[in-house]
Amino acid sequence: MAKKDQRFAIVDVETTGGRASRDKITEIGIVIHDGKQIIDTYESLLNPETYIPAGIVQLTGINQEMVKDAPLFHEIARDIVEFTEGSIFVAHNVRFDYGFLREEFKRLSYTYTRKQLCTVRMSRKAFPGLPSYSLENLIRHFGIPTDARHRALADALATANLLERILDKEQNQEEVRVMVNMGIKESKLPTGIKLEQIHGLPESCGVYYLYNKAGDVVYVGKSINIKKRIAEHFADQTDKGRRLQQQVADISYEETGSELIALLLESYEIKRLKPPINRAQRRSKFPFAIHSYTNEEGFLCFDVIRNNAETREKYEVISEYPSMSRAKGRLNFLVKDLELCSRFCHLFPGTGACFHYHLKQCRGACAGKEEVETYNERALLAKERLRTVFDSDFLLLDEGRHSEEKSVVLVQEGHFAGFGYISTEEAADRETLMEAIKTYPGYPDTARIIQRFINDHPKAKIIAL
C-alpha cells in the first residue's frame, strides 16, 4: 500500500445465527496486518446470554458449556475499539461481521465506525473466473493452511493469508484503495471535499444536505446509511452524479434513527429549500385532485381534475393524488363501500342508470330510485373521508437515534401533524409524547409515507388518541 502506516484489522465473528439485530456473537478473532505481515492477534469466546442452536454448535463446535464463563460483549468492547483503532476493517463478507459488531456496540449506545474492505468482493476482482468465492473454496483453491474452520481466529488468519495474496499484485493495491474509499477516486471528489470528511460521516439513518460554494443547499437526500449514500453520489458517473461532483463544496447531516422520520424530514426540507438538483418531491401539490359539486338535481357529485392554480380557484378541491389512477381508485373504493352512484362520481359515462345499479351495488339515485337527501347523507360521509387520509388520530412510535430513545409521529385530524423524540422510559405516557411533538406541515406525500410505513410494518406501535 502507498501509506507506510496503513493497517488492516482482519475480523471474523462466530454467532448464534444470521441476523445481527436478533442474534449475538459467540466468538471473535482479529488479526492486525500491515499489508505485508501479521503484527498482532486477538481472540475471545463470548457469552451470548442466549441459546446457541444445535446447527450452529455442529458448524462451529462452540457450545453452551464453552461460553458460560466467557466474558460478555461489554466486558471486551473497549479492547475491540482500541485493537482496531486506525485500521481498515477487513472481513470475508464484511457486511456480516461488521454488521454484528456495530449492532453489539449499538446495544451499548456506542457508534462503532471503521473503513471497510470486503475480501469476497476484492477476490472477485483479483482472481476472476473461480467457481466460488466462499472462504472454504478459496482456502482449498490456494491451499491456505488452517486447523479449525468456522472458528473465529482460524478464519481471520485464513482471510489474512488471502489478503496478502491480493496485495501481492501491485495493480490490486489501487483497487483496494478505491474499494476502501467506497468506490470514490480522490481525483473525482468535488473541490474542498476530502476523503477523510466522507469517512467521518455517520453510518446511520438520517437526512443529509449538500451545499455549493455560496453555502446554498443544492441537494437534500435521506438514507439508512448516510456515509454510504454520499459516497455513492461521488462515485456515480451519471449526469446527476457529475452535477453533484461539480457543484458540492460542503456536507451536513441530521441523524434521525428512524427511516420514517428521515422520509418525513426529507420531504419537508426539499419543499422548504427547493434544492436545484432535487427533482422529485419539490411540489407541495399533487398533479391530480378530486373535487365535489352539486348537480342540477341536487345530488352531491365527485370528479377527478388536473390540480393547478386555475382549477383550485374554480373548484372545491377535497383531496390530491400523484396520478389519475390513484384518484379514480380512491373514488372507486368509496363507490363500492358506500354504495354511491358511479355516474355521479364520473366513473361511468353517459346518462341513465349506472353500471353499479345493474349489479345492485348502487341504490338507484341515477335511476330515480333514491331520494336526494338519503343519497347525500352517504355522499357527505364520502366527502369527509376524502378530506382526511386517516380515519382516526394516533401516535406512531419508531426507533430513536440511540437505544434509549424512541421517535414519535403525530397524526391529527386525519393528517400528519409533526414528529419528535422521547426517552424509552417515557414512551408510554401520552401527555409526554404529545409534548415531544414538533409541528410540521402536512403534504399529500407525507400522508402516503406514513401509510406505506404502516403497511410495511404491521406490528408498529400505534397509540390511539
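**Close-up 1. Phe299 and Tyr375 meet edge-to-face in this predicted model.** Let's start with Phe299, which counts as buried because its relative accessibility is 4%, under the 20% cut-off. Phe299 belongs to the loop between β9 and β10, while Tyr375 is part of helix α16, so the pair ties together parts that are 76 residues apart in sequence.

**Close-up 2. Phe105 and Tyr110 form a tilted pair.** The model has 16 aromatic pairs. In this one, the centres are 5.3 Å apart with the planes at 50°, so it counts as tilted. Phe105 is buried, at 1% relative accessibility, whereas Tyr110 is partly exposed, at 37%. Both rings belong to one aromatic cluster, together with Phe73, Phe89, Tyr98 and Tyr112.

**Close-up 3. Two charged ends sit over tyrosine rings.** Look for Arg401, whose charged end lies over the ring of Tyr421, 3.7 Å from the ring centre. Lys271 does likewise with Tyr443, its charged end being 5.1 Å from the centre of that ring.

**Close-up 4. Here is the second largest pocket, with a volume of about 690 Å³.** Its lining is made of 28 residues, and Val389, Pro444, Ala447, Arg448 and Gln451 lie nearest the centre. Elements giving two or more residues to this lining include β11, α14 and β14. Helix α18 gives the most, with eight residues. By type, the lining divides into ten nonpolar, nine polar and nine charged residues.

Conventions. Residues are numbered from 1 along each chain as its sequence is written. This is a predicted model: local features need pLDDT of at least 70, side-chain atom pairs count only at pLDDT 80 or more; totals for chains, interfaces and linings use all residues. Side-chain values use heavy atoms; hydrogens and water are left out. On a 1 Å grid over the protein atoms alone, a cavity is a set of points where a 1.4 Å probe fits but cannot get out, and a pocket is an open set with protein on both sides within 12 Å along at least five of seven lines; lining residues have an atom within 4 Å of a point. Grid points are joined across faces, edges and corners, and a volume is the space filled by probe spheres set on the points. Helices (H or I, at least four residues) and strands (E, at least two) are DSSP runs, numbered from the N terminus. Ala, Val, Leu, Ile, Met, Phe, Trp, Tyr, Cys and Pro count as nonpolar, Asp, Glu, Lys and Arg as charged, and the others, Gly among them, as polar. Rings of Phe, Tyr and Trp (its six-membered ring) pair if their centres lie within 6.5 Å; planes under 30 degrees apart count as stacked, over 60 as edge-to-face and the rest as tilted. Buried means under 20% relative accessible area, exposed over 50%, partly exposed in between (1.4 Å probe, protein chains only). A charge sits over a ring if NZ of Lys or CZ of Arg is within 6 Å of the ring centre and within 35 degrees of the ring normal.
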